[in-house]
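Please examine the sequence and the structure shown below.

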Number of protein chains: 4
Amino acid sequence: MADAFDWPIRVYWEDTDAGGIVFYANYLKFFERARTEWLRSLGVEQQRLRDATGGMFVVTGTALNYHQPARLDDCLQIRTQIQELGRASLTLQQVATRINPEKPDTLLCEGSIRIGWVDAAQMRPSRMPAAIIDVLKHS
Amino acid sequence: MADAFDWPIRVYWEDTDAGGIVFYANYLKFFERARTEWLRSLGVEQQRLRDATGGMFVVTGTALNYHQPARLDDCLQIRTQIQELGRASLTLQQVATRINPEKPDTLLCEGSIRIGWVDAAQMRPSRMPAAIIDVLKHS
Amino acid sequence: MADAFDWPIRVYWEDTDAGGIVFYANYLKFFERARTEWLRSLGVEQQRLRDATGGMFVVTGTALNYHQPARLDDCLQIRTQIQELGRASLTLQQVATRINPEKPDTLLCEGSIRIGWVDAAQMRPSRMPAAIIDVLKHS
Amino acid sequence: MADAFDWPIRVYWEDTDAGGIVFYANYLKFFERARTEWLRSLGVEQQRLRDATGGMFVVTGTALNYHQPARLDDCLQIRTQIQELGRASLTLQQVATRINPEKPDTLLCEGSIRIGWVDAAQMRPSRMPAAIIDVLKHS
């Protein structure tokens, strides 16, 4: 368990606000994209998973700290790593850094995302399919 | 037919981009909010409608012209009006103006939105329920 | 200090995702709108403030818990309250509930938002203007 | 002039709505990302351009037709091509298709985007820098 997964994100106009920087809510989008690609790298496609099991992941908690702002055209890297893995939920640590051309990278935003498993029809918490737990354990 | 419906929109941080102005794609969101409230003013709730009929509106075409930019804290008014009403689709004219405190209003963005009716399961075009056409005709 | 401020939010298509519920990142947008209106209710307009002082608020931390999902057409209420007020930052508690027609309200999402004051040009933390602290103290 | 530029886009949760499909306004975001990468492929970075010239591109008109919906996990390709190039504006044709694993691609959405050049301070239309026109002419 616990190999880190890195995913690059380019900052576009849609991501910025009138402060000239990335709108802080958008880091949750960046982190979601990185989690989706991390799952995909493990062979897990969420739409297919839902069709097959009737269940889906939902975010149950987020805690983020913002250190430095990102700007238009910046290239970010999102690191994703399992912090804790249970039977009905998992917690991920995610970190956004800016890849600087000729300087050390800059820490922009980091935090943890708690994710639960629910049946999609009722939105009730339930245990993750064993196959998923297995995949996550060996990630 | 064809009474205009006005809906106010305040510009928040989320709506702006690093150019210091409202991101142009967000006018489609403003227009959608105004259409939803227009339908609501006619007694039509889309979620309930879908549960009852199995159908839903989908946007099939948009054509917008951008005249002046809006900025943080601006108060906009969105005017919505039926341009054309068929059996399986309708076209709305929508106009965003800025309400200025002591000057005439400013035209920001206007255009037309073409909307079709589909069955939600297959996403196939079909005829609007007669009750809906009736409501729209007398709006 | 510490009067609560309530702001209503309607859930539109733009707020939902393919899970059929409000996309969790969007609560940060709802909370931001509510904070903006709370400041406005205290006579503080952020664009004008920036023009006048060269400074602006930035979010430095967010911690949210998601309890129940919201859906299209739901009417939410966002409650905003100061939790802690310093010289260079403040922390707000914000709570989203669904206003149910004939049942008690439902708790959807709550958490705290930490906000700092920076000079807009350098994005460096600095002390809030005394006039702002004064307004917040007596809110 | 007029080489087409292709850019891939993955559909994430943030892009979808409660209809289970990509929210139509988001194609404007996809098209913007593709335009940014197209400009980048020509050596043009918009933030740097603005710092250097004081000007920036703004979208002045959009006209889109929606043919088929996209869904979570779909892989899209955005094709970008110059339709018309003037001294103060250009029009691009942009097309989104879904890359299907074992079938021909599906046309999802296409349309044209009209872009003007403005000085960023006043937001007044002006002529594009000759160097930019030159780059676009030979793209």
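**A methionine in a loop**

B:M123 counts as partly exposed, because 15 other C-beta atoms lie within 10 Å. A residue would be buried with 20 or more such atoms and exposed with 12 or fewer. The model discussed here is predicted. In chain B, this methionine is placed in the loop between β5 (106–119) and β6 (124–125). Although B:M123 is not a glycine, its phi is positive, at about 60 degrees.

A corresponding description can be given for chain D. D:M123 is found in the loop between β5 (106–119) and β6 (124–125) of chain D. Its phi is near 60 degrees, a positive value in a residue other than glycine. D:M123 has 16 C-beta neighbours inside 10 Å and is therefore partly exposed.

Attention now turns to a residue in a strand. B:Q94 belongs to strand β4 (residues 89–98) of chain B. Is B:Q94 buried or exposed? B:Q94 counts as buried, because it has 26 C-beta neighbours inside 10 Å. When neighbours within four places in sequence are left aside, the contacts of B:Q94 include B:F31, B:A34, B:I78 and B:R79. Further residues in contact with B:Q94 are B:T80, B:E110, B:G111 and B:I113. Between the C-alpha atoms of B:Q94 and B:I82, which stand 12 residues apart along the chain, the separation is 8.8 Å.

The next topic is the contact between chains A and C. Chain A contributes 17 residues to this contact and chain C contributes 18 residues. On the side of chain A that touches chain C, α1 (26–41) and β2 (55–66) of chain A each supply at least two residues. Which element gives the most to this side of chain A? The element is β2(A), with nine residues. By class, the side of chain A that touches chain C comprises 11 nonpolar, five polar and one charged residues.

Strand pairing also links these two chains. β2(A) and strand β2 (residues 55–66) of chain C run antiparallel and are joined by five bridges. As an example, A:T62 has C:L64 in β2(C) as its bridge partner.

Chain A is superposed on chain D, with an RMSD of 0.0 Å, by a rotation of 180 degrees with 0.0 Å of shift along its axis. The two copies are therefore related as by a two-fold rotation axis. A:I9 has the C-alpha nearest the axis in chain A, at 6.0 Å from it. The same surface serves both copies, as 100% of the contact residues of chain A recur in chain D.

Terms used:
Residues are numbered from 1 along each chain as its sequence is written. Chains are lettered from A and ligands numbered from 1 in the order in which they are written. This is a predicted model: local features need pLDDT of at least 70, side-chain atom pairs count only at pLDDT 80 or more; totals for chains, interfaces and linings use all residues. Two residues are in contact if their C-beta atoms, placed from the backbone, lie within 7 Å. Helices (H or I, at least four residues) and strands (E, at least two) are DSSP runs, numbered from the N terminus. Ala, Val, Leu, Ile, Met, Phe, Trp, Tyr, Cys and Pro count as nonpolar, Asp, Glu, Lys and Arg as charged, and the others, Gly among them, as polar. Two strands pair if DSSP finds at least two bridges between them. Copies are superposed by least squares on the C-alpha atoms of residues with pLDDT of at least 70 in both.
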